[in-house]
Amino acid sequence: MDKIFLCDGHNLAFRAFYGIRELSRSDGFPTNMIHGWLRSFWRLEDDFSPGQIWVFFDLGGCPHRESILPEYKANRGSPPEGFSEQLEWVKKLSVALGYGVGQSTGREADDLIAAKVKELSADNELVIVSADKDLGQLVRKGVTQLLPPPTANPRIGWRLLDENGLEEKFGIPPNLLLDYLSIIGDQSDNIPGLVGVGPKTAVKWLKEWGSLNGVIENAGRITPKRFGSVIYEKRELLLRNKELIKLDDKFNETDFKPGFPQIDAMEKILSEMEMLKSLEEVKRRYQK
């Protein structure tokens with residue numbers, strides 16, 4: 001059984017960008033994210049020895065979700081200066097490293113990861129690499145989630161969540177995470193939850209009534225009682241949230257499948273970025 005890593009490209013790129021600052025080429029072109037990306041993935045390879053690595057990127061917006069909620073992700077501003085310029089080089093470098101790379105117009109990286117889990121989970125051990133809590137929906141036997149080191153405290157290191165670990169983190173099993181997020185909302189994606197309802201209350205309701213539908217159907221018996229009418233009045237919002245947060249796992253053709261490292265391509269990229277120490281590491285690591 002092969003161990004396959006499915007990586008959330010944008011999530012990890014932002015972490016690389018903010019993890020290292022003030023690195024640039026002699027002409028001022030920023031290289032901090034490229035450097036952080038390469039070091040992070042080499043560390044992943046060394047620490048976990050995956051058989052394959054796939055990386056998935058967002059490509060534009062998500063018309064399906066935006067049609068349901070026009071304000072979806074409207075709270076996110078433009079990427080920081082220097083991010084977009086480096087992202088294209090990160091994608092080229094990922095291909096050169098021998099990783100599978102996927103992106104699809106109108107679909108988010110989370111959806112592409114869900115599709116790949118559906119495609120590969122029967123015969124492989126899958127590890128989803130991302131801090132995005134939405135991806136916890138996919139955790140089950142044979143599928144775990146690897147959380148990157150927090151940017152504010154990298155010494156914590158990588159943290160692997162299986163079914164038990166995710167339940168310990170959120171208070172509910174993975175199969176109820178979608179319902180849980182539908183109730184509390186997702187501020188990072190501009191999805192509003194029920195006002196005044198926090199994680200502890202959402203967990204209590206789901207444990208008591210078994211599902212989001214169970215909570216809605218038993219709104220009259222919910223405690224605290226003041227939320228009974230709120231749940232009934234906002235039932236369409238709750239079901240809309242579930243549609244927004246649910247991952248789309250329909251098959252997607254991947255742009256680049258995993259292969260062998262392309263040492264010449266790596267060296268060309270790193271030379272152009274003037275990353276001399278990384279060039280030395282390529283020669284040592286791949287024994288050219």
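## Reading pockets, cores and a helix face

User: In the model above, how much space does the largest pocket hold?

Analyst: This is a predicted model, and in it the largest pocket has a volume of about 920 Å³. Its lining is made up of 39 residues, and those nearest the centre of the pocket are His10, Phe14, Asp58, Lys73 and Arg76.

User: Which elements give two or more residues to the lining of the largest pocket, and which one gives the most?

Analyst: The elements that contribute two or more residues are α1 (9-19), α3, α4 (83-96), α5 (109-120) and α11, and α1 gives the most, with five residues. Sorted by class, the lining of this largest pocket has 16 charged, 14 nonpolar and nine polar residues.

User: What should I note about the second largest pocket, and which residues lie nearest its centre?

Analyst: The second largest pocket holds about 480 Å³ of space and is lined by 18 residues, with Gly36, Ser40, Pro149, Pro154 and Trp158 nearest its centre. Both α1 and α2 (32-48) supply at least two residues of that lining, and α2 gives the most, with six residues. By class, the lining of the second largest pocket has 10 nonpolar, five polar and three charged residues.

User: Turning to the largest nonpolar core, which residues touch the most other members?

Analyst: The largest nonpolar core has 38 residues, and within it Trp37 and Phe41 touch the most other members. Elements that each supply at least two residues of this core include β1 (2-8), β2 (52-57), β4 (124-129), α12 (263-272) and α13 (276-286). Once its neighbours within four places in sequence are left aside, Trp37 is in contact with Gly9, Leu12, Ala13, Ala16, Val55, Phe57, Val90, Leu93 and Ser94. There is also a second, separate core of 30 residues, and Val139, Leu181, Ile183 and Ile245 are among them.

User: How do I read a helix for its buried side, and which residues of α11 are buried?

Analyst: The general idea is that an α-helix has 3.6 residues a turn, so residues three or four places apart point the same way. In helix α11 (residues 235-245), the buried residues are Leu237, Leu238, Asn241, Leu244 and Ile245. Viewed down the axis of α11, these buried residues fall within an arc of 120 degrees, so they line one face of the helix. The elements that cover them include α3 (63-68), α7 (177-184), β8 (191-192), α9 (212-217) and α10 (227-233).

User: Finally, is Ala74 buried or exposed?

Analyst: A residue counts as exposed when its relative accessible area is over 50%, and Ala74 is exposed because its relative accessibility is 56%. Ala74 sits in the loop between α3 and α4. Its C-alpha atom is separated by 6.7 Å from that of Asn190, although the two residues are 116 residues apart along the chain.

Conventions: Residues are numbered from 1 along each chain as its sequence is written. This is a predicted model: local features need pLDDT of at least 70, side-chain atom pairs count only at pLDDT 80 or more; totals for chains, interfaces and linings use all residues. Side-chain values use heavy atoms; hydrogens and water are left out. Buried means under 20% relative accessible area, exposed over 50%, partly exposed in between (1.4 Å probe, protein chains only). Helices (H or I, at least four residues) and strands (E, at least two) are DSSP runs, numbered from the N terminus. The arc is that of the directions from the helix axis to the C-beta atoms. Contact means heavy atoms within 4.5 Å. On a 1 Å grid over the protein atoms alone, a cavity is a set of points where a 1.4 Å probe fits but cannot get out, and a pocket is an open set with protein on both sides within 12 Å along at least five of seven lines; lining residues have an atom within 4 Å of a point. Grid points are joined across faces, edges and corners, and a volume is the space filled by probe spheres set on the points. Ala, Val, Leu, Ile, Met, Phe, Trp, Tyr, Cys and Pro count as nonpolar, Asp, Glu, Lys and Arg as charged, and the others, Gly among them, as polar. A nonpolar core is a set of buried Ala, Val, Leu, Ile, Met, Phe, Trp, Tyr and Cys residues joined through side-chain atoms within 4.5 Å.
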